Amino acid sequence: MVYQWYPGHMTKARRAMQEDIKLIDLIIELVDARCPLSSRNPDIDGMGKNKSRLILLNKSDLADPAANRRWCAYFESLGFGVLEINAKSGAGMKAIQGKVQEVCREKLERDRRRGILNRPVRAMVAGIPNVGKSTFINSFAGKACTKTGNKPGVTKGKQWIRLNKGLELLDTPGILWPKFEDQAVGLRLALIGSMNDEILNKEELALSLTGFLKDRYPAALTERYGMSDAALAEGGLAVLNAVCDSRKCYKKGQEADYERASSLLLEDFRSGRLGRITLETCPEGEKQA
Ligand code: G4P
């Protein structure tokens, strides 16, 4: 299966992002905690040179807590501010304001030295599609915030959300495109549901997932589907057959309905019903393992 993204979209998104970056001090970059590197585009590091940086491991509720901690340490070791959050429930979001102050300290001190005391930090939210940008903006900005209009000196049409007197957020997030350097990246993005399922072969995807789970999270399969050790050991179709048996996915005449079982398995994974699972091991973690 070949995973791809459309070049036209990439060019447009990049141009829009480059324009918006000129207006801000801080990039709040959302990544998916289940595959933090696959769900980011490292080009943002070049585009965001000289900007303060904060990485939010979003959907951390769906990812392995131990892996979340390792990923935080990894990004911190690269010099980013980093937090685990759940934009949907709001968990972890309270710590953001403090972290913003921390990563913007240099800028704030520079302002203070120049006698600028009340200029708010301007931030933009960025990330690849489906990583939770809109959910985050809604939840972070909440209902209490006020939208600032088209101020003189600000590009016409730009809306800023004033969160408090120290922080303003651009209301349209920057859209990054995934970077498909290898097919493993595309596969992880397909597994977390960041690609249109219509164009994907769900059975192939489900088989990749079962292959990964049986090695890394076998209990997820045994607990949810009551899978036998023999099916686990055999892997491949034997695992999918066990899902069919457990969920009664049969066509007429007791023939296994792999398509339905595959959809079910993928949905169970994406919704967290299989437990908290991280698909990508961080480089530090690899050394520790
Ligand atoms: P985007 O703007 O980056 O494209 O992403 P968006 O906010 O639309 O979020 C994509 C999906 O991810 C939404 O689910 C949203 O609810 C979910 N989501 C966002 N943040 C989190 C999180 O921290 N944890 C979990 N578990 N889910 C999160 P959806 O199915 O498209 O919509 P809905 O049915 O949840 O409304």
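The protein chain has a mean pLDDT of 89, with 90% of its residues reaching 70 or more, and the structure described here is a predicted model. Over residues 285-289, however, the pLDDT is below 50, and beyond near neighbours in sequence this stretch has 3 contacts in the model. Where pLDDT is low, the predicted coordinates should not be read in detail.

A search of the whole structure finds 19 salt bridges, among them a pair formed by Asp-25 and Arg-119, whose closest N and O atoms are 3.8 Å apart. This pair links distant parts of the chain, since Asp-25 belongs to the loop between α1 (7-21) and β1 (26-32), while Arg-119 belongs to the loop between α5 (105-113) and β4 (121-127), 94 residues apart. Asp-25 counts as buried, at 13% relative accessibility, whereas Arg-119 is partly exposed, with a relative accessible area of 41%. Both residues also take part in a network of salt bridges, in which Asp-25, Lys-107, Asp-111 and Arg-119 are linked.

A further salt bridge is found between the side chains of Lys-179 and Asp-43, with an N to O distance of 2.9 Å. Here too the partners come from distant parts of the chain, 136 residues apart: Lys-179 is in the loop between β8 (174-175) and α7 (183-191), and Asp-43 is in helix α2 (residues 43-47). Lys-179 is partly exposed, at 27% relative accessibility, and Asp-43 is likewise partly exposed, with a relative accessible area of 22%.

Another salt bridge, between Glu-102 and Lys-99, has an N to O distance of 3.5 Å, and its two residues both lie in helix α4 (residues 96-103), where they are 3 residues apart, about one turn of the helix. Glu-102 counts as partly exposed, because its relative accessibility is 40%, while Lys-99 counts as buried, because its relative accessible area is 15% and buried means under 20%.

Turning to the strands, β6 (residues 160-164) and β7 (residues 167-170) run antiparallel and are joined by 4 bridges.

The ligand is surrounded by 15 residues, of which the closest are Asp-61, Asn-130, Lys-133, Ser-134 and Thr-135. An N or O atom in the side chain of Asp-61 is 2.9 Å from a nitrogen atom of the ligand.

When residues up to four places away in sequence are not counted, Asn-241 touches Ala-256 and Tyr-258, and with Tyr-258 its side chain makes a polar contact of 2.8 Å, side chain to side chain. The C-alpha atoms of Asn-241 and Ala-261 are separated by 8.3 Å, although these residues are 20 residues apart along the chain.

Terms used. Residues are numbered from 1 along each chain as its sequence is written. This is a predicted model: local features need pLDDT of at least 70, side-chain atom pairs count only at pLDDT 80 or more; totals for chains, interfaces and linings use all residues. Side-chain values use heavy atoms; hydrogens and water are left out. A salt bridge is a side-chain nitrogen of Lys or Arg within 4 Å of a carboxyl oxygen of Asp or Glu. Buried means under 20% relative accessible area, exposed over 50%, partly exposed in between (1.4 Å probe, protein chains only). Two strands pair if DSSP finds at least two bridges between them. pLDDT is the predictor's confidence in each residue, from 0 to 100. Contact means heavy atoms within 4.5 Å. A residue is near a molecule or strand if one of its heavy atoms lies within 4 Å of it. A polar contact is a pair of N or O atoms within 3.5 Å; within protein, one must be able to donate a hydrogen and the other to accept it, and residues adjacent in sequence count only if both atoms are side-chain atoms.
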